[in-house]
Amino acid sequence: MRKPLPRWFAHRGGGSLAPENTLAGIRLAARLGFRAVEFDVMLSGDGTPVLIHDETLERTTNGVGRVCDTSDAVLFALDAGHGERIPRFVEAADLCRELGLLANVEIKPAFGHEQATAEVVSRLTAELWRGATVPPLISSFSLEALEIARDLVPEIDRGVLFEAVPAQWLDDMRRLQAISLHCDAQLLGDEVLAEAAVRNIPVLCYTVNHPEMAKALVGRGVSSMFTDRLDLFAPLTGAGDGLHSGG
């Protein structure tokens with residue numbers, strides 16, 4: 001059986017304190033005492049898995065256009081903030097293993113690339129963490145991607161990711177053989193939490209950036225939270241209230 005998940009995940013690597021989905025963010029999370037990070041993985045135009053959230057480059061880099069149409073030569077020359085570049089998934093995995101971090105790998109396929117992204121990222125996740133002391137967790141909003149991950153690498157734990165949790169969420173989890181439920185903190189109903197508690201299903205909420213919300217969610221039975229405010233919730237440094245990180 002898997003150990004309990006840490007209370008806090010650094011959202012998109014370093015939250016709001018570092019360029020998102022970068023190696024600098026992952027390193028910062030580790031320095032602040034976080035034991036888990038979440039990041040998004042998408043395919044480049046050359047089919048390389050890279051860390052980036054948006055399907056387009058404009059918001060988080062100095063580039064333009066769609067990630068899935070951009071060659072590696074162009075992509076890796078871009079500035080992803082403060083001189084950081086877009087990392088390869090392989091680099092992020094190696095860093096997480098080096099630092100002993102639990103990685104929540106969110107499969108983030110560009111529209112029309114669901115199958116290819118899921119296949120590449122799932123297989124590579126299993127390869128990169130083979131024999132790891134701290135195994136990763138795959139999640140996705142794409143149920144198709146999670147189906148593919150289930151079939152290709154059943155040994156890698158999966159989390160089902162929703163905004164608002166739908167009525168059939170438990171059926172989806174059973175079908176996907178998932179271990180955790182991930183959802184928007186502001187759209188989480190008590191009936192879902194009650195059902196999850198009965199079945200011992202961890203509920204993970206995004207994005208929690210205020211201590212009052214965090215305390216309320218913990219009180220309601222939420223297992224883990226994703227935060228951009230690493231400065232407020234750093235579990236081991238005394239910066240804010242870690243709210244008893246578990247695991």
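How do the residues lining the second largest pocket divide into nonpolar, polar and charged? They come to six nonpolar, two polar and three charged. Here Ala, Val, Leu, Ile, Met, Phe, Trp, Tyr, Cys and Pro count as nonpolar, Asp, Glu, Lys and Arg as charged, and the others, Gly among them, as polar.

Before going on, some ground rules. This is a predicted model, in which local features need pLDDT of at least 70 and side-chain atom pairs count only at pLDDT 80 or more, while totals for chains, interfaces and linings use all residues. Residues are numbered from 1 along each chain as its sequence is written, and side-chain values use heavy atoms, with hydrogens and water left out.

Back to that pocket. Its lining is made of Arg2, Lys3, Pro4, Leu5, Pro6, Arg35, Gly100, Leu102, Thr133, Val134 and Pro135. Its volume is about 240 Å³. On a 1 Å grid over the protein atoms alone, a pocket is an open set of points with protein on both sides within 12 Å along at least five of seven lines, a cavity is a set where a 1.4 Å probe fits but cannot get out, and lining residues have an atom within 4 Å of a point. Grid points are joined across faces, edges and corners, and a volume is the space filled by probe spheres set on the points.

By this rule there is one cavity of 30 Å³ or more. The largest cavity has a volume of about 50 Å³. Glu20, Asn21, Leu51, Ile52, His53, Thr60, Thr61, Ala80 and Ile86 line the largest cavity, and by class they are four nonpolar, four polar and one charged.

Now the helices; these (H or I, at least four residues) and strands (E, at least two) are DSSP runs, numbered from the N terminus.

Last, where is His82? His82 lies in the loop between α2 (72–75) and α3. His82 is exposed, with a relative accessible area of 78%, the cut-off for exposed being over 50%. From Pro4, His82 is 78 residues away in sequence and 35 Å away in space, C-alpha to C-alpha.

Key
Buried means under 20% relative accessible area, exposed over 50%, partly exposed in between (1.4 Å probe, protein chains only).
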